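Reader: Hi! Could you walk me through this model while I have it open?
Author: Happy to, just ask as you go.

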Amino acid sequence: AIAIPTFLGQRKNAQDSASKSNLRNALATEKAYFSVNQEFSATVADLALIEPNLFGTGSDPVTVTIGTGGVSVCLVQQSDGGDYFAVWDGTTAGTVYSQSATDPALGTCPTAPPTTGWSAGGW
C-alpha cells in the first residue's frame, strides 16, 4: 500500500520529463530551421524533415504557434501525467518556460514575450 503512491509519483515525474525533453528537442529543431530560413515554422512537414521522430506520423503532438513575421515560436505539449509544458523563444527576447494544469491561452501560445506564469529559469 505504501509503494503504490510512490510508484505513481515516479511515473508522473518520468512522463513530465519526457514532455520536457520533447520540447527541448522541438525548440532545437525550430532554431535549426530558423538558422537557414530566418523565420520559425509552424509547418509540421518542414520540421519533420529535420526531426522526423518528433514531428513525424504517430509522434506525441507538439503544438507550434508562430508569432507575427516568424520571429517567435511557442511550443506546447501535454504530458501523459496531465500537466502542460510550454517553451517560448523569440529573436528579441530570451527563452521562457511554463508549466500549468491548463493549456496556455486555451491551446495557443503567446505570440509576444509572455510574462505572467512564465519563467526564464526553466520548468
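Reader: Is Thr 29 buried or exposed?
Author: Thr 29 counts as buried, because its relative accessibility is 4%. Buried here means under 20% relative accessible area, exposed means over 50%, and partly exposed is in between (1.4 Å probe, protein chains only). Do keep in mind that this is a predicted model, where local features need pLDDT of at least 70, side-chain atom pairs count only at pLDDT 80 or more, and totals for chains, interfaces and linings use all residues. Residues are numbered from 1 along each chain as its sequence is written, and side-chain values use heavy atoms, with hydrogens and water left out.

Reader: Thanks! Which element is Thr 29 in, and what does Thr 29 touch?
Author: Thr 29 belongs to helix H1, residues 3-37. Helices (H or I, at least four residues) and strands (E, at least two) are DSSP runs, numbered from the N terminus. Leaving out residues up to four places away in sequence, Thr 29 touches Leu 47, Ile 50, Glu 51 and Phe 55; a contact means heavy atoms within 4.5 Å.

Reader: Zooming out, how many helices and strands does the protein chain have?
Author: The protein chain has 3 helices and 4 strands. Starting from the N terminus, they run α-α-α-β-β-β-β. Of the 123 residues, 35% count as buried.

Reader: What order do the strands take in the sheet?
Author: They form an open sheet of 4 strands in the order E1-E2-E3-E4, with antiparallel pairing. E1 (63-66) and E4 (96-100) stand at the edges with a single partner strand each, so one side of each has no neighbour in the sheet. On average, neighbouring strands of this sheet are turned by 15° against each other, direction ignored. The axes behind that angle are lines fitted to C-alpha atoms, for helices over the stretch in contact, and angles run from 0 to 180 degrees between N-to-C directions.

Reader: How many residues of E3 are buried?
Author: In E3, 7 of its 7 residues are buried. Side chains in a regular strand alternate between the two faces of the sheet. Tyr 84, Ala 86, Trp 88 and Gly 90 are on one side of E3, with Phe 85, Val 87 and Asp 89 on the other, and both faces are covered.

Reader: Changing topic, how many aromatic pairs are there?
Author: The count comes to 3 aromatic pairs. Rings of Phe, Tyr and Trp (its six-membered ring) pair if their centres lie within 6.5 Å; planes under 30 degrees apart count as stacked, over 60 as edge-to-face and the rest as tilted. Phe 34 and Phe 40 are a tilted pair, because their ring centres are 4.7 Å apart and their planes are at 35°.

Reader: Which residue pairs with Trp 123 edge-to-face?
Author: Phe 85 does, at 6.2 Å centre to centre and 85° between the planes. Phe 85 lies in E3 and Trp 123 in the segment after E4, so the pair ties together parts that are 38 residues apart in sequence. Phe 85 is buried at 0% relative accessibility, whereas Trp 123 is partly exposed at 28%.

Key:
Pairing = 2+ DSSP bridges.
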